[in-house]
Structures are given as structure tokens and as C-alpha cells.
Amino acid sequence: QIRDVAGDLRANTAGYPDFALKTPDSLKRKVADLLGRFPTMPVDEALRRVNDSLRYTMELNPGSYVNGVLDAAAELRRRGFELVETKVRWDNPVRYKGVNTTWYDPVTRQYFEVQFHTPASLAAKEVTHGLYNQQRLLPENSARWAELDAQQGAIFGGVEVPPGINRLTAPGWDGWGAAAQGAAQSSPEVPTDEYDYEGQPG
């Protein structure tokens, strides 16, 4: 259904199907984190609650990006999926850029993620992937960590911000529609990392 929505919007489903599923190591890391905080949770439930174990990426042109994101969210809700969380990451000029949304499928009880990118923001994410994987293994006070951080910042700094992006974060504006209150209130928080390239940022 996600590909159908993308097709209606003339958006590319980048990386599908090769990168729709989270890598085993990353999935294990997030499940372990969730079980560490909720020890009585069954493993199958933890697997369902990792929001980006199943991830889709829609690539939109900058000029139609904002309307495309809103239209996609409206269509996903129309198809019965429930919007749980939205992260609009376009404000920091030297950090990851994109919109990451978490959805809940009440039929399968599965959480999944839909990321929205422009060609430039997606390219920046892919180019910095290896740099981040090196950085996350280093202590934050090391010179190499700072060097890798600066390299990523330079790449993200070259990404153009789509026009009208403030429409997605305007105070008091509820263009996203109602969140999945039942799912959100009855479920523990989903483990996320500020910078997780398997679903970056988580």
C-alpha cells in the first residue's frame, strides 16, 4: 500500500525492497534496548514495537515536498493506518534533514516508519552513512569523532531546505490530523537514537 501511495504522489520509493527491512544487528540492538527498559514485555511484542523495523522512504522534489508529505499522511490515514509520531528534521543546518513518521497498522499490530526526503537530503543521508557508523563507535571527546562530525555537518549543510517547510511545524497547526491515541497511550515508547542510520535519526 505504501508504494501505491507513493505512485499516486509521483514519488520514488527509494531503496525498496532492499532497504525496507532493518538490518539484523540494528534490530537486535533496538529490541535489546526495549527489553532492557520493559523486562516483562514478550519478545514478539518488542519486535512489533520497534518503529523502524519496517521502513519506507519516499523521495519528493523540493518544490512539491511539503504538499507531498501532507498528502501522503492524509492518504495513509485514509487507508486505516494511525499516525503515532512525527519528527520534522529540517531546522538544524548541519544535521540530518528529512521528515520521519511512525505509523501503526491496527490490523497487523505492526509499527512501521515512513521517511520523506528530497533527492539531496536522501543523497546526504546515504553519503554520511559510513561516516556515522565509524563515529558511533568512538568516544565523543576524541579528535576523530569531532572530525567525522564536521564532515557530516558539511555534507548536510549543502542540502537545500524545501520551500514552506515551516508549514509542518507551525504552532497550533494540526494539519497532520489526529494521532493514534489508543496505540500511543497503551504502548511504551519506541526506542530511538538521535542518530541511527538504520532509521536515521530514530
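Visitor: In which helix is Ala146 found?
Guide: This is a predicted model, in which local features need pLDDT of at least 70, side-chain atom pairs count only at pLDDT 80 or more, and totals for chains, interfaces and linings use all residues. Residues are numbered from 1 along each chain as its sequence is written, and side-chain values use heavy atoms, with hydrogens and water left out. Helices (H or I, at least four residues) and strands (E, at least two) are DSSP runs, numbered from the N terminus. Ala146 is found in helix α6.

Visitor: As what does Ala146 count at 41% relative accessibility?
Guide: Buried means under 20% relative accessible area, exposed over 50%, and partly exposed in between, with a 1.4 Å probe and protein chains only. With 41%, Ala146 counts as partly exposed.

Visitor: How far apart in space are Ala146 and Gln135?
Guide: In sequence, Ala146 and Gln135 are eleven residues apart. From C-alpha to C-alpha, the distance between Ala146 and Gln135 is 8.5 Å.

Visitor: At what angle do the axes of α5 and α6 cross?
Guide: Axes are lines fitted to C-alpha atoms, for helices over the stretch in contact, and angles run from 0 to 180 degrees between N-to-C directions. The axes of α5 (residues 119-135) and α6 (residues 143-157) come within 10 Å. They cross at roughly 170°.

Visitor: What does that make α5 relative to α6?
Guide: Angles under 35 degrees count as roughly parallel, over 145 as roughly antiparallel, 65 to 115 as roughly perpendicular and the rest as oblique. Therefore α5 is, relative to α6, roughly antiparallel.

Visitor: How many residues of each class does the contact of α5 with α6 have?
Guide: Contact means heavy atoms within 4.5 Å. Among the residues that meet are Ala124, Leu131 and Gln135 in α5, and Arg144, Leu148 and Phe156 in α6. Ala, Val, Leu, Ile, Met, Phe, Trp, Tyr, Cys and Pro count as nonpolar, Asp, Glu, Lys and Arg as charged, and the others, Gly among them, as polar. By these classes, the contact has eight nonpolar, five polar and three charged residues.

Visitor: Which residues does Val159 touch, not counting residues up to four places away in sequence?
Guide: Val159 is found in the loop between α6 and α7 (181-186) and is buried, with a relative accessible area of 9%. Its C-alpha atom is separated by 7.4 Å from that of Ala124, 35 residues apart along the chain. With sequence neighbours up to four places away not counted, Val159 touches Trp90, Lys97, Ala120, Ser121 and Ala124.

Visitor: What kind of pair do the rings of Tyr56 and Phe112 form?
Guide: Rings of Phe, Tyr and Trp (its six-membered ring) pair if their centres lie within 6.5 Å; planes under 30 degrees apart count as stacked, over 60 as edge-to-face and the rest as tilted. A search of the whole structure finds five aromatic pairs. The rings of Tyr56 and Phe112 have centres 6.2 Å apart and planes at 85°, so the pair is edge-to-face.

Visitor: How many residues apart in sequence are the parts that Tyr56 and Phe112 tie together?
Guide: Tyr56 is buried at 16% relative accessible area, and Phe112 is buried at 4%. Because Tyr56 lies in strand β2 (residues 55-59) and Phe112 in strand β5 (residues 110-117), the pair ties together parts whose separation in sequence is 56 residues.

Visitor: Which residues do ring pairs link into a cluster?
Guide: The pair of Tyr56 and Phe112 is edge-to-face. Ring pairs link into a cluster Tyr56, Phe81 and Phe112.
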